[in-house]
Amino acid sequence: MPTEHGPTEHGPTEHDVIGIGLGPFNLGLAALLDGVDGVSATFFDARPEFSWHPGLLLDGASLQVPFLADLVTLADPTSPHSFLNYLHTHDRLYRFYFYDHAHVPRREFDRYCRWVAGRLGTCRFGHRVVGVAPLDGRHGDRAGWSVKVEGPEGAVVEHRAGAVVAGVGSRPWVPACAADHLGPEVVHSAGYVPAREQARALLAGGGRVTVIGSGQSAAEVFADLVGALPAPGSADDPAGLAWFTRSRGFFPMEYTKLGLEHFTPEYTAWFHALAEPTRDRLRAGQDLLYKGISSETSNAIYDALYERTVDHPDPGATYAAGFELVGIEPEGDRRRLHLRHVDDNAEVTHRTDLVVLATGYEPTPLPLEDPAAVARDRSGRPEVTLDYRVRLADGTASDLFVQNGELHTHGVGAPDLGLGARRNATIVNQLAGRDVYRLPERTVFQRFGAQVADDLVAGPVDGSAAS
């Protein structure tokens with residue numbers, strides 16, 4: 001039976017596992033734990049309700065993975081928490097069938113996740129975890145954890161669990177030169193939707209808006225703002241909308257079938273076995289596996305600009321690669337941007353009324369009361385085992401698991417929704433102490449690393465010719 005009881009005079013509430021954060025990954029874990037005998041779980045999130053990238057829920061934006069990469073299907077296609085069951089429950093199954101797109105609208109994926117969260121009694125929103133620490137004693141037959149949680153009324157309550165799963169996600173990353181300028185005129189793309197009407201109104205009135213960044217978020221913001229430009233030739237400023245990126249081009253994300261095999265358990269296992277410097281060097285050249293622009297968005301931008309120039313040579317928008325933002329200065333009601341070209345080192349200035357920083361994200365630190373409690377690599381990142389456990393300072397594997405905090409140890413698949421269910425199935429099996437979910441050993445055709453020699457290259461062991 002699950003180990004769970006409320007606070008008594010003898011101690012705090014106890015659980016088998018506590019989840020910290022309720023993004024898609026920990027929500028998927030909660031869904032896969034639903035109905036699993038012998039594991040009591042509860043999940044805390046500081047937000048009042050589920051919300052997935054609300055600042056980028058734009059009309060026309062879709063997931064970059066097929067609908068099978070929902071919360072549960074790639075681990076358990078029979079789960080009642082699947083996206084297909086969501087469609088069936090809401091009488092949308094035939095509509096989706098005729099929609100004939102494998103990629104789900106981003107707003108609908110958010111609604112699907114809200115639907116799942118509402119079905120699970122283990123999800124507790126409005127509860128902020130303020131500290132996590134290993135217990136001095138034992139919790140059953142495993143080392144335990146103390147988790148302090150601040151409730152809606154401000155009271156802090158201690159919970160304890162044999163295992164903790166940190167799904168705290170990532171936070172917006174802002175260049176140092178822009179950190180002190182964040183506000184109504186300088187926003188991160190994570191908050192674009194609240195600033196959208198202001199940006200579109202500026203463009204419609206002949207003002208200037210500038211996007212900084214090279215990935216899908218930057219492209220989606222730029223594409224959205226192209227639609228707010230005044231008629232070509234009607235504005236005093238011919239370049240009301242600008243887009244700059246430090247990258248050397250506006251490149252597409254890799255989305256061929258052979259390339260997608262990097263987002264698999266086999267590649268993850270091979271990557272994890274590499275030495276830390278090798279992993280870092282390899283990952284540094286893999287940005288376009290997960291950070292590029294979708295071909296659909298890229299084509300839509302070009303087509304929109306082309307159509308704007310049918311009757312006027314200037315589309316009212318411009319974009320340039322190879323420019324790094326190195327400074328921001330107030331200039332009356334505007335902002336003066338200082339940009340340096342990464343190749344010729346030339347510096348230019350650009351004046352704008354509003355800046356959207358689509359500069360990406362960085363891992364949110366684990367909410368540990370003592371960060372030194374866990375082992376860290378030479379770059380200060382937590383050491384994570386292949387089965388997603390964080391190593392303690394003494395080198396032992398703990399029952400603190402991470403979700404999407406292991407890019408440095410597991411590679412490009414860490415933030416991918418397509419591997420989320422597999423990772424969660426791995427964690428569930430460890431929590432339950434049995435194989436609740438079957439994990440196939442072979443998922444793709446491609447081979448990675450030295451196993452190629454054994455399977456494809458090496459001849460007969462005795463040196464004789466094959467019969």
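## Leu-339 and its sheet

Leu-339 stands opposite Val-348 in β16. Strand β15 (residues 334-341) and β16 are joined by six bridges and run antiparallel. Strands here are DSSP E runs of at least two residues, and helices are H or I runs of at least four, both numbered from the N terminus. Two strands pair if DSSP finds at least two bridges between them.

The model is predicted: local features need pLDDT of at least 70, side-chain atom pairs count only at pLDDT 80 or more, and totals for chains, interfaces and linings use all residues. Residues are numbered from 1 along each chain as its sequence is written, and side-chain values use heavy atoms, with hydrogens and water left out.

The order β14-β15-β16 makes an open sheet of three strands with antiparallel pairing. β14 and β16 (347-352) stand at the edges with a single partner strand each, so one side of each has no neighbour in the sheet. From one strand to the next, the twist averages 25 degrees.

## Ile-328 in β14

Ile-328 sits in strand β14 (residues 323-331). Why does Ile-328 count as buried? Its relative accessibility is 7%, and buried means under 20% relative accessible area (exposed is over 50%, partly exposed in between; 1.4 Å probe, protein chains only).

Contact means heavy atoms within 4.5 Å. Leaving aside neighbours within four places in sequence, Ile-328 is in contact with residues including Cys-177, His-181, Val-186 and Leu-337. Ile-328 and Asp-180 are 148 residues apart in sequence, yet 9.3 Å apart in space, C-alpha to C-alpha.

## Strand β2

Strand β2 (residues 41-45) is mostly covered, with five of its five residues buried. In a regular strand, side chains alternate between the two faces of the sheet. Ala-41, Phe-43 and Asp-45 are on one side of β2, Thr-42 and Phe-44 on the other.

Strand β1 (residues 13-20) pairs with β2 in the parallel sense over four bridges. Gly-19 has Phe-43 in β2 as its bridge partner. β2 also runs parallel to strand β5 (residues 123-125), joined by three bridges. There, Phe-44 has Arg-124 as its bridge partner.

## Two helices

The axes of helix α6 (residues 216-226) and helix α9 (residues 295-308) come within 10 Å and cross at roughly 25 degrees. Axes are lines fitted to C-alpha atoms, for helices over the stretch in contact, and angles run from 0 to 180 degrees between N-to-C directions. α6 and α9 are therefore roughly parallel (under 35 degrees; over 145 is roughly antiparallel, 65 to 115 roughly perpendicular, the rest oblique). Residues that meet include Phe-222 and Val-226 in α6, and Ile-301 and Leu-305 in α9.
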